[in-house]
Amino acid sequence: MGVNRDDEASEADTEADARHGGGLTTGEVARRLGVAPTTVRSWDHRYGLGPAAHTGGRHRRWTAGDLARLERMCELTATGLPPAEAARLALGDTAPAPPPRTAPPAPPAAPERSRAGSGLRLGDVRQECKGIARSALRLDAVALDKQLEDAIGEHGLVAAWTEVIMPTLQAVGRKWESAGERYVEVEHFLSWHVSGALRRHAPPVAADRPGATTVLACVPAENHTLPLEVLSAALAERGLPVRMFGGALPVESLVAAVRRTGPAVVGLWAQSRTTASRPLAQHVSAIEWGVRGARRRPVVLTLGPGWAGQTSRGLPHPPGLSEAVAAVEQVVHR
């Protein structure tokens, strides 16, 4: 879709107002970032990402520097960083705000941000993200399947997930959050086709080897299985035996699965802090099996943003897919 020149002029005028002290309202900031105003207020209250200077009256005004800090927050969370860590890094950035312009700027050679379809903010991502986002917005199953297959085939599973698929999923999720009930079908549609692409790409499950199996499961009440599906496929790609148990596995079933399989690694996914449970992770890490005198315990990997701030010594928390794969390989091959 093209960009209306009147809109461009309006945005430029508003940015100029922000640079010269007028400032942006919270609603204007939210529209620029592609998030809901409640998200901007939440980042202010929870992480101190509010306006650096306060003005009189009830309405808060955001400067160009404030906006740059929030844009940095969006970029960091788009990489999968937990919001608290992203906020810490955004607040630590010391790059000065751009100086006031004294002459009209020359048009940039290439846009820094890409938009796909109906205004999805994709940030600095690979070219494939735009095509995947457009196909998802159009609910075009044939095109979407081909684009996902091409991305995995060209970049490999780990890079395709990290640099193409995950940024697009996050952009669709942000669009859904900022548009009420709209775009929910797009997120579900895209997730379903990503899951199918992962299953088609993954090789057959490797045979069990003593001390080499990995058990993957979502914690109770957690149903976000897609990150575990890509980890399962990545491990299978490396010939490592894996047992995938999917979403919301009850505690008793998780314990039974660990006892029956005797895994070297147990990966527990939690998307939110309300589902992550450190006592559960500690309980699983204390399960023993094997003959007396040679008993073993699994290494428990706490996976996903829900574990931020809830892990402890002995419960590794890999920040991303490649780190999780490396952690499993280190345990299995030691």
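These are my notebook entries on a predicted model of one protein chain.

**Ground rules.** I number residues from 1 along the chain as its sequence is written, and side-chain values use heavy atoms, with hydrogens and water left out. As the model is predicted, local features need pLDDT of at least 70 and side-chain atom pairs count only at pLDDT 80 or more, while totals for chains, interfaces and linings use all residues.

**Overview.** I looked up the secondary structure and found 13 helices and 6 strands. Both are DSSP runs, numbered from the N terminus: H or I of at least four residues for helices, E of at least two for strands. The chain has 334 residues, and 43% of them count as buried. Buried means under 20% relative accessible area, exposed over 50%, and partly exposed in between, with a 1.4 Å probe and protein chains only. I then turned to contacts, meaning heavy atoms within 4.5 Å. Among contacts with a separation of 6 or more, 66% are between residues 24 or more positions apart.

**Helix 10 and helix 13.** I checked how residues 226-237 (helix 10) pack on residues 321-333 (helix 13). The angle is about 50°, and the axes are 10 Å apart. Axes are lines fitted to C-alpha atoms, for helices over the stretch in contact; angles run from 0 to 180 degrees between N-to-C directions. The pair is therefore oblique. That class takes what remains after under 35 degrees (roughly parallel), over 145 (roughly antiparallel) and 65 to 115 (roughly perpendicular). The crossing is right-handed, that is, the near helix is turned clockwise from the far one by less than a right angle. From helix 10, Val230, Leu231, Ala234 and Leu235 meet Leu321, Ala324, Val325 and Val328 of helix 13. I sorted the residues of this contact: 8 nonpolar, no polar and no charged. Nonpolar here takes in Ala, Val, Leu, Ile, Met, Phe, Trp, Tyr, Cys and Pro; charged is Asp, Glu, Lys and Arg; the others, Gly among them, are polar.

**Cysteines.** How many disulfides are there? I count 0, taking a pair of cysteine sulfur atoms within 2.5 Å as the rule. Cys129 is buried at 0% relative accessibility. Cys218 is buried too, at 1%.

**Thr213.** I found Thr213 in the loop between helix 9 (184-201) and strand 3 (214-218). Its relative accessibility is 3%, so Thr213 counts as buried. Leaving out residues up to four places away in sequence, Thr213 touches Asp208, Pro241, Arg243, Pro263, Ala264 and Val265.

**His188.** Is His188 buried or exposed? His188, in helix 9, is exposed at 55% relative accessible area.
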